[in-house]
Amino acid sequence: MSSAAIIQSNYISWKGYFHIIQSVDHFVFLDSVQYTSRDWRNRNRIKTQSGLRWLTVPVISKRNTLIKDVRIDGTCWQKKHLESLRHAYGKCPHFEKYHDLLSDIYEKRHWTYLSELNHFITALICENLSIETKLHADTEFSAPIGKNTRLLHILKELDVKKYVTGPSAKAYMDIDLYRNTGIDVEFFDYPDYPQYQQLHGDFYQKVTILDLLFHTGEDSAKFIWDNEK
């Protein structure tokens, strides 16, 4: 049964985000919705010697701005984020393996739109994790505005029969609306991911996936979906 997930784009997201991507045939970045500040759209956490720290992409956004229209404020943050990652993870066993990945993100390009940055990073990490899921922007589809209506139209255009969404959607989602159109709904249940050896003290789970890549390298999948086997 073909499947899809439709979620807002995030900045260097945590491993659970990539687990959902890996679990479906199609993944759609839902960026034609309102941008929310102090959220995962433009920031994520890294683990440092001084504890958890936010890496935040500075943005310019007005009230009711859509995620896809949010512009990045300047370029100075790129060097700062790269230096922060090197300082926090430079001694990790696989940090140098991802030199080209970091260079592609922070040195070779200047970014104008937040969505453009998030899509690029997500695709790059998917490639490194050998995820074969097809990635789409929601702007590729001729779906009307309106949460459930838009999602249903996207799913129909993709011709999928299963919609995978996060567990928080249980609180507001009209499941029957989807099932009545022949689409099964599955709420993704994040497992208790196994721990790995982290620098800087006690293990912490919900940090950017770069933390996992830098520490475990080619074994990263063993700490996400391979753990299900």
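This briefing walks through a few spots in the structure, grouped by topic. The model is a predicted one, so please read each value as computed from that prediction. Its largest pocket holds about 700 Å³ of space, and its largest cavity has a volume of about 50 Å³.

**The largest pocket**

- Two or more lining residues come from each of β1, α1, β3, α5 (147–158) and β8 (162–165).
- Helix α5 gives the most to this lining, with 3 residues.
- Sorted by class, the pocket lining has 15 nonpolar, 8 polar and 5 charged residues.

- Look for Ser-9 in the loop that runs between β1 (3–7) and α1 (15–23).
- Ser-9 has a relative accessible area of 0%, so it counts as buried.
- The side chains of Ser-9 and Asp-31 make a polar contact at 2.9 Å.
- Beyond the residues up to four places away in sequence, Ser-9 touches Tyr-17, Phe-29, Asp-31, Arg-41, Ile-67, Ser-115, Asn-118 and His-119.
- Ile-12 also lies in the loop between β1 and α1, and with a relative accessible area of 1% Ile-12 is buried.

**Trp-40**

- Trp-40 sits in the loop between β2 (26–29) and β3 (43–48).
- Is Trp-40 buried or partly exposed? Its relative accessible area is 31%, so Trp-40 is partly exposed.
- Although Trp-40 and Ser-9 are 31 residues apart along the chain, their C-alpha atoms are separated by 8.3 Å.
- Setting aside neighbours within four places in sequence, the contacts of Trp-40 are Asn-10, Tyr-11, Arg-45 and Trp-54.

**The cavity**

- Rolling a probe the size of a water molecule over the atoms shows where empty space is left.
- How many cavities of 30 Å³ or more does the structure hold? There is 1.
- The largest cavity has a volume of about 50 Å³.
- Its lining consists of Leu-82, Arg-86, Phe-95, Glu-96, His-99, Leu-102, Ser-103 and Glu-107.
- Both α2 (76–89) and α3 (99–106) supply at least two residues of that lining, and α3 gives the most, with 3.
- By class, the cavity lining has 3 nonpolar, 2 polar and 3 charged residues.

- In helix α3, 6 of the 8 residues are buried, so the helix is largely enclosed by the rest of the structure.
- The buried residues of α3 are Leu-101, Leu-102, Ser-103, Asp-104, Ile-105 and Tyr-106.
- Among the elements that cover these residues are α2, α4 (114–128) and α7 (209–216).
- In helix α2 you will find Gln-78, which counts as buried because its relative accessibility is 2%.
- Which residues does Gln-78 contact, leaving aside neighbours within four places in sequence? They are Ile-105, Tyr-106, Glu-107, Arg-109, His-110 and Trp-111.
- The C-alpha atoms of Gln-78 and Arg-109 are separated by 9.4 Å, with the two residues 31 places apart along the chain.

**Cysteines**

- A disulfide is a covalent bond between the sulfur atoms of two cysteines.
- How many disulfides does this structure hold? The number is 0.
- Cys-76 is exposed, at a relative accessible area of 59%, whereas Cys-126 is buried, at 4%.

- Most residues other than glycine have a negative phi.
- Ile-12 has a positive phi, near 30°, and is not a glycine.
- His-200 is not a glycine either, and its phi is positive at about 70°.
- The place to look for His-200 is the loop between β9 (184–187) and α7.
- With a relative accessibility of 28%, His-200 is partly exposed, while Ile-12 is buried at 1%.

Key
Residues numbered from 1 in each chain as written. Predicted model: local features only at pLDDT ≥ 70, side-chain atom pairs only at ≥ 80, totals over all residues. Heavy atoms only, no water. Helix = DSSP H or I, 4+ residues; strand = E, 2+ residues; numbered from the N terminus. Buried < 20%, exposed > 50% of the residue type's maximum accessible area, 1.4 Å probe, protein only. Polar contact = N/O pair within 3.5 Å; in protein donor to acceptor, adjacent residues only side chain to side chain. Contact = heavy atoms within 4.5 Å. 1 Å grid on protein atoms, 1.4 Å probe; cavity = no way out; pocket = protein on both sides within 12 Å on 5 of 7 lines; lining within 4 Å. Points joined across faces, edges and corners; volume = space filled by probe spheres on them. Nonpolar A, V, L, I, M, F, W, Y, C, P; charged D, E, K, R; others polar. Disulfide = S-S within 2.5 Å.
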